[in-house]
Structure formats: C-alpha cells, structure tokens
Amino acid sequence: MPSSRDPVADLRQIAFLLERAGEPSFRVKAFRKAAATIEALPADELAERAAAGTLSKLPGIGEVTARCVTESLNGEEPVYLRRQLATEDKPIDEATAAIRAALLGDCHTHSDWSDGGSPIREMALAGRSLGHEYLVLTDHSPRLRVANGLSAERLEQQLDVVAALNEEFAAEAASGTAPEFRILTGIEVDINEDGTLDQLPSLLARLDVVVASVHSKLRMPSAEMTPRMIAAISNPHTDILGHCTGRLVTGERGTRPPSEFEADLVFAACQQFGVAVEINSRHERLDPPKRLLRLAVESGCLFSIDTDAHAPGQLDWQVNGAERAARCGVDPASIVNTWAAADLLGWAGDHSVRP
C-alpha cells in the first residue's frame with residue numbers, strides 16, 4: 001500500500017483547519033483523538049486494518065476518520081481535507097498580508113495548563129508549522145479560577161516543562177530536521193482591582209513576557225478603571241496590555257460592551273512606560289475597537305498582534321489583527337512580535353531601554 005502521505009499529519013491538519021474556522025470542539029477533538037490512536041499503532045497493524053476495513057473498530061476512530069486514514073495511506077489527499085483546503089482562505093489585501101508576513105511569533109497563547117484545550121507541545125508545534133520563530137506561553141494567573149489559573153508552584157513546574165521542550169526543539173534545529181523555534185515563558189496575569197498584578201513579583205521577574213489583562217469588574221466606573229489600568233501599566237513587570245476594553249462582539253459567551261476608561265491617559269501611560277497595546281485577534285474580541293486603536297497609534301504606542309489562542313488552529317487568527325492594524329495605520333516596526341526573539345527579549349527584559 002502506498003505511503004507517500006502521513007495519515008497522522010492529515011488528521012491533525014483537518015483538526016487545525018476546523019479549529020481555525022471556529023467549528024464545534026467535538027468535531028475537532030474527533031480528528032485529534034483519531035490522530036493519537038493512529039500514531040500509537042505499529043505501521044504493519046495500521047496497514048492491515050486499513051486493508052481489512054477494520055480501522056473503525058479502534059477506539060476513537062469513526063467512519064469518517066477511518067476513510068481519511070485509508071485515503072491517506074493510499075497516497076491520496078483525503079476528501080475531507082481537500083474540502084477544508086478549498087474553503088479555507090479568503091483574499092487579503094496587500095497591506096494586511098505584509099503585516100501578517102512580518103509577524104515572527106505570538107505573544108498571547110494558552111495551553112491545557114489553564115483553560116486551553118491542548119498540551120504545550122502541541123501548541124508549540126502548531127506555531128512552528130505556521131512559520132513562527134517563537135511562541136509566548138501565557139496561561140492564566142491564580143485569581144482566574146474559572147480558567148484554572150496557575151498558582152506560583154504550578155507556574156514554576158511549567159517553566160521546567162518549557163525548558164525541556166526547548167531543549168528538544170534546539171536539538172531538532174541543530175540536526176537540521178526542523179527550523180529554529182523556541183517557547184518563551186510568560187503569563188496572562190490578572191490586573192487586580194487596585195492595579196496590582198496577580199502573581200508573585202519575584203516569579204514575574206523570571207518570565208520572558210508578561211501580558212496584563214483586566215478580567216474582573218469590567219463595568220467599573222471610568223474614574224476607578226483608569227487609575228487601575230495605569231497602575232498595572234506602570235508596573236515594571238508588565239510588557240503588554242491585553243485586550244484593553246474587555247469587550248465581546250460575538251461568540252458563545254454573548255456580547256459585552258467595552259470597559260470605560262480614559263483612553264488617552266491609558267495609552268499615554270503605555271507610551272511612557274514602553275508597554276505594548278495588544279491587538280487581540282480573537283473573533284469575539286477584536287480588541288481594541290478601531291477608534292481606540294487609531295488613538296493608540298496617535299499616542300505613539302507599541303503594539304503586539306496576538307491570537308489569545310486556546311487551541312492550535314486558533315494560532316492562525318493573527319490575520320484578523322493584521323487586518324485591523326493595516327486599517328488603522330499601525331507601523332509594522334512598532335509591532336513587537338515582528339521583532340526577532342533576541343530583540344523582543346531585550347525590550348521585555350530591560351525597561352530602562354524602553355521609550
């Protein structure tokens with residue numbers, strides 16, 4: 001039986017495309033589970049089962065995924081994959097494409113250590129396959145219990161896991177079997193009501209990138225929200241201000257109006273302290289609104305175009321942020337994740353060199 005295609009890779013690509021398109025999670029999980037089952041099988045048994053038509057007797061393999069595996073083993077592009085590929089892309093204009101192509105990484109992502117749906121390694125491999133040079137892992141902080149936020153102890157454990165994965169990626173790059181890639185350590189830390197950050201300062205100091213976001217009391221009056229945000233921005237550990245208005249424009253959680261704050265003061269603080277304003281690419285957020293994004297541009301802010309991805313397929317949502325950046329006149333040079341990892345780390349690690 002021809003084996004010019006990899007059925008595991010085909011199943012994972014289908015899951016990725018479904019995820020990126022926002023399809024129901026049960027459908028995505030079906031293809032990922034099938035990929036895991038197939039990957040664990042010896043090649044001989046896989047071929048025998050495909051020839052005998054007994055793949056669907058395996059746990060996690062249904063008729064559709066069995067058909068995809070069989071087609072792939074026959075050297076054919078699975079029909080299901082071909083359909084996904086035929087409808088995956090919409091044309092993007094030149095300015096958007098240029099910004100998207102300039103992005104070297106993603107500074108806001110989640111794994112199954114908090115409220116993401118996939119292991120760190122799977123998120124990293126998806127980022128590498130998209131051509132990223134780095135991926136910042138920013139699981140939630142302790143206060144956000146609904147998102148399984150990381151205690152200081154769990155975050156320290158995660159740092160060890162990331163270090164081991166980076167050794168693996170470095171070895172692959174050195175052998176020439178994969179491009180250079182690394183996971184940068186980080187956190188999406190809650191901005192407490194008094195403007196402090198929801199993690200030990202000593203631990204925040206060990207991280208490569210810190211994204212600070214408001215997740216509670218989003219309807220706080222502007223007179224209270226503004227100093228709350230500015231206090232967080234002025235914190236020496238804050239690198240990026242995440243989804244600054246907290247709005248929701250669509251999605252399963254419904255809609256939510258933007259928080260109220262003095263945007264000119266908040267963006268002036270970002271400019272003063274060298275904190276990047278996140279351009280959040282999630283469909284339900286698209287934060288900040290374009291009028292505020294233009295104000296941030298006028299204020300001379302830095303930016304970070306991030307996906308806030310909670311699953312591998314969502315890592316390809318950066319085009320949404322790139323489109324908004326292009327529409328609002330964001331200079332690509334001011335986008336911190338167009339910078340090489342060394343430059344990003346230099347900026348994040350040394351506030352004395354910030355503008």
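Predicted model: local features only at pLDDT ≥ 70, side-chain atom pairs only at ≥ 80, totals over all residues.

Modeller: Phe 169 counts as buried, at 1% relative accessibility. Phe 181 is also classed as buried, with a relative accessibility of 6%. The ring centres of Phe 169 and Phe 181 are 5.6 Å apart and their planes stand at 80 degrees, so the pair is edge-to-face. Phe 169 belongs to helix H8 (residues 152-175), while Phe 181 sits in the loop between H8 and strand E3 (182-190); the pair therefore ties together parts that are 12 residues apart in sequence.

In total, the count comes to 3 aromatic pairs. Another of them is formed by Phe 31 and Tyr 80, which is tilted, with 4.9 Å from centre to centre and 45 degrees between the planes. Phe 31 is part of helix H2 (residues 25-39) and Tyr 80 is part of helix H5 (residues 79-86), so this pair ties together parts that lie 49 residues apart in sequence. Phe 31 counts as buried, at 4% relative accessibility. Tyr 80, by contrast, is partly exposed, because its relative accessible area is 22% and the buried class ends at under 20%.

The surroundings may be described from the chain as a whole. The protein chain contains 14 helices and 7 strands. Its C-alpha atoms fill a box of roughly 70 × 40 × 35 Å along the principal axes. For 355 residues, a compact globule would have a radius of gyration near 20 Å, and the 21 Å of the protein chain agrees with this. Of these 355 residues, 52% count as buried. Among contacts with a separation of 6 or more, 76% join residues 24 or more positions apart. The accessible surface of the protein chain comes to about 15400 Å², and carbon and sulfur atoms account for 52% of that area.

Helix H10 (residues 222-233) has 12 residues and reaches 16 Å from its first C-alpha to its last, close to the 16 Å expected. The buried residues of H10 are Ser 222, Met 225, Thr 226, Arg 228, Met 229, Ala 232 and Ile 233. They cover an arc of only 165 degrees around the axis, which puts them on the same side of H10. Their cover includes strand E5 (240-241) and helix H11 (263-273).

In helix H13 (residues 318-327), the buried residues are Gln 318, Asn 320, Gly 321, Ala 322, Arg 324 and Ala 325. These residues pack against helix H6 (94-102), strand E1 (105-109), strand E6 (276-280), helix H12 (290-298) and strand E7 (302-306). After H13 comes Gly 329, whose phi is positive, near 75 degrees.

Gln 318 is among the residues touched by Leu 103, together with His 132, Ile 305, Ile 335, Asn 337 and Thr 338, when residues up to four places away in sequence are not counted. Leu 103 has its place in the loop between H6 and E1, and this residue is buried, with a relative accessible area of 4%.

Most residues other than glycine have a negative phi, and most peptide bonds are trans. Asn 148 has a positive phi of about 55 degrees although it is not a glycine. Asn 148 is located in the loop between strand E2 (134-137) and H8, and is partly exposed, with a relative accessible area of 37%. Asp 308 likewise has a positive phi, near 55 degrees, and is a residue other than glycine. Asp 308 occurs in the loop between E7 and H13, where Asp 308 is buried, with a relative accessible area of 3%. The peptide bond from Asp 287 to Pro 288 is cis, with omega near 5 degrees, and Pro 288 lies in the loop between E6 and H12.

Definitions and conventions:
Residues numbered from 1 in each chain as written. Heavy atoms only, no water. Helix = DSSP H or I, 4+ residues; strand = E, 2+ residues; numbered from the N terminus. Expected span 1.5 Å × (residues − 1). Buried < 20%, exposed > 50% of the residue type's maximum accessible area, 1.4 Å probe, protein only. Arc of directions from axis to C-beta. Contact = heavy atoms within 4.5 Å. Phe/Tyr/Trp six-rings, centres within 6.5 Å; stacked < 30°, edge-to-face > 60°. Rg over C-alpha atoms; globule rule 2.2 N^0.38 Å. Areas by Shrake-Rupley, 256 points an atom, 1.4 Å probe, with all protein chains shown as cover.
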